[in-house]
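Me: I'd like to learn how to read salt bridges from a set of coordinates. Can you walk me through it?

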Amino acid sequence: MKKISVRLWVRMLLLIGITLGLLWIFQVIMLERYYLYSHTGKIKQEGVALAKVFYEGMSELQLEEAAEEFNMKYNAGIEIFSMDGERVFVYSIMPMMMGRSMYRQEVFMEAAEGKAVAGQVKHNRFNSNILLVGIPIGEMPEVKGVMIITAPLAAIKETKEIIKEQLIIITFILVMISLLISYYFSKVFTKPILKINEAAAKMAEGNLSVKVDVESSDELGMLSDTINNLSVQLQKIEQLRKDLIANVSHEFRTPLSLIKGYAETIRDVTGDMKEKRNSQLNIILEETDRLKSLVHDTLNLSQIQSESFQPDMIPFDISATVNSIMGRFAHMSEEKGITLDRQGDKGSIVVLGDESRIEQVLYNFVN
């Protein structure tokens, strides 16, 4: 079974790997496409505006200044052709493409039909990609010429290679750092979990005094407090169990001693004395009922301990209860040489209370 620290470490590395992968995709693979899309859109937009101004009657000097500004901004050359293919204006600081390539002619023909088009072609001398943008001068059916904008794309390739080299270094550094950091955090995160697990295992083995030492205010800290509170509650329950066993043993011992004592007396002494025998048998029956009541209370201990327990409050003669208890201990008191005497009013005294439980209290007190 894999440790949670290992699983967490692997998942953190997977997350970092996905992040680095997306970084490579957008910075290397998608960079050129995005650049071409953005660069072409801007050149086409400003080229259309320049062609419109030229169509409306721009002077040659103004066209020269606009072409120079355009060139400074996009490093692009501008050529203007008449409808018959004659070049009437050119501005460029880079070597122009020689001749009329097939693609260049296609750009010219499409632009002459009133469409602004863009595409790439390789330079016939420098073996580099060139962006060609064809823009009609005027609108159909009054197109008076074609403006062709030529912009080198070598810069983006160089930038892409530089970024790729940097990303290789950055990726290596990030992988090393992420390995260490993810390992450290996986250990830090799982350490309190291991402590809690160790404490739970000790509690399962019977060590209920164990404490979890996790100082944090997050969910793990809350779980630690819950385990510690559980430990306290289990200790209370364990103590209650011990007390219950001790109390049950004590509660059962006296009735059993009385039953045994009276049974032996009936067997050895009063077997033929009907009145004494019946009295002693009645005591045996009473003690038997008392044992039955104790067993019942023991089985219903959870109810007695709960806040929902309500005593059975009824009026009863407590004087008769005292007399009954003294009668039960008569045989034991004779054997022990102890005299039981009741003082005060011996008449009926009616009180309100739980008769069986008050009787049990007095019984334990006398015993």
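Me: Which residue forms a salt bridge with Asp-354?

Reply: The general idea goes like this: side chains of opposite charge can pair when their charged atoms come close. The cut-off here is a side-chain nitrogen of Lys or Arg within 4 Å of a carboxyl oxygen of Asp or Glu. Asp-354 pairs with Arg-357, with the closest N and O atoms 3.4 Å apart. Before we go on, this is a predicted model, where local features need pLDDT of at least 70 and side-chain atom pairs count only at pLDDT 80 or more, while totals for chains, interfaces and linings use all residues. Residues are numbered from 1 along each chain as its sequence is written, and side-chain values use heavy atoms, leaving out hydrogens and water.

Me: How many salt bridges does a search of the whole structure find?

Reply: The search turns up 3. In one of them, Glu-79 meets Arg-87 at 2.5 Å, N to O. In another, Glu-46 meets Lys-73 at 2.7 Å, N to O. That pair links distant parts of the chain, 27 residues apart: Glu-46 sits in helix 1 (residues 4–55) and Lys-73 in helix 2 (residues 60–74). Helices here are DSSP runs (H or I, at least four residues), numbered from the N terminus.

Me: What about Glu-46 and Lys-73?

Reply: Glu-46 is partly exposed at 27%, and Lys-73 is exposed at 54%.

Definitions and conventions:
Helices (H or I, at least four residues) and strands (E, at least two) are DSSP runs, numbered from the N terminus. Buried means under 20% relative accessible area, exposed over 50%, partly exposed in between (1.4 Å probe, protein chains only).
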